Amino acid sequence: MLIGLLHGSIAKGQDAIFLPIAHQYPDERPALVALYASTDGDNWVDNTNWLSDSVHHCEWYGITCDSKEWVVIQIKLTGNNLQGAIPPEFGNLFNLRSLDLGFGEQADTTLESAGCFRRLNPELQVLGVEID
């Protein structure tokens, strides 16, 4: 199934879903790509659809988006073998409400910049991230 952005909408075969807000947050996909690169995404347990140009990033494994605005609201990658650092670009996920990267037992995984979380939702629930 081919899905792509077409003038503010996502096309699924014959159907189109209008995305009135998603195009207002163009830094979401690059922030997720940076997360993938900096946490060894090629070696995750499940990286289904990550980096694929044929699906919207809201359909990547572990990503949940708001059903009306199609913006990232949750990232849950627990038990997915993420190793590395969370990049500063991560701070561009302004609508994020819940984050669980499952880093708990891995001491070598930290935030490159704790400042990136200051730009995020003040009510953000953060689990499984070690902050220096």
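# Close-ups of a predicted model

View 1. At 18% relative accessibility, aspartate 66 counts as buried, because buried means under 20% relative accessible area, with exposed over 50% and partly exposed in between (1.4 Å probe, protein chains only). This is a predicted model, so to speak of local features we need pLDDT of at least 70, side-chain atom pairs count only at pLDDT 80 or more, and totals for chains, interfaces and linings use all residues. Residues are numbered from 1 along each chain as its sequence is written, and side-chain values use heavy atoms, with hydrogens and water left out. Aspartate 66 pairs with arginine 97 in a salt bridge, and their closest N and O atoms are 3.8 Å apart. That pair links distant parts of the chain: arginine 97 sits in the loop between β6 and β7 (98–100), aspartate 66 in the loop between β4 and β5, 31 residues apart. To count as a salt bridge, a side-chain nitrogen of Lys or Arg has to be within 4 Å of a carboxyl oxygen of Asp or Glu. Arginine 97 itself is partly exposed, at 45% relative accessibility.

**View 2. The other charged pair, on helix α1.** The structure holds two salt bridges. Here the side chains of arginine 29 and aspartate 53 meet, 3.6 Å from N to O. Once again distant parts of the chain are linked, with arginine 29 in helix α1 and aspartate 53 in the loop between α1 and β4, 24 residues apart.

View 3. Searching the whole structure turns up four aromatic pairs. One of them joins tyrosine 36 and tryptophan 44 edge-to-face, at 5.0 Å centre to centre and 65° between the planes. For the cut-offs: rings of Phe, Tyr and Trp (its six-membered ring) pair if their centres lie within 6.5 Å, and planes under 30 degrees apart count as stacked, over 60 as edge-to-face and the rest as tilted. Tyrosine 36 is buried at 7% relative accessibility, and tryptophan 44 is buried at 5%. Tyrosine 36 also pairs with tryptophan 50: the centres are 5.9 Å apart and the planes are at 20°, so this pair is stacked. Tyrosine 36 lies in helix α1 (residues 28–38) and tryptophan 50 in the loop between α1 and β4 (63–65), 14 residues apart, which makes the pair a link between distant parts of the chain. Ring pairs tie Tyr36, Trp44, Trp50 and Trp60 into a cluster.

View 4. Glu28, Ala31, Leu32, Ala34, Leu35 and Tyr36 are the buried residues of α1. Their cover includes β4, β5 (72–76) and β6 (85–86). Helices (H or I, at least four residues) and strands (E, at least two) are DSSP runs, numbered from the N terminus. The protein has two helices and nine strands, running in the order β-β-β-α-β-β-β-β-β-α-β along the sequence.

View 5. Most residues other than glycine have a negative phi. Aspartate 40 counts as partly exposed, at 35% relative accessibility. Leucine 51 is not a glycine either, yet has a positive phi of about 75°. Leucine 51 is found in the loop between α1 and β4 and counts as partly exposed at 37%.

View 6. The mean pLDDT of the protein is 73, and 58% of its residues reach 70 or more; pLDDT is the predictor's confidence in each residue, from 0 to 100. A contact means heavy atoms within 4.5 Å.
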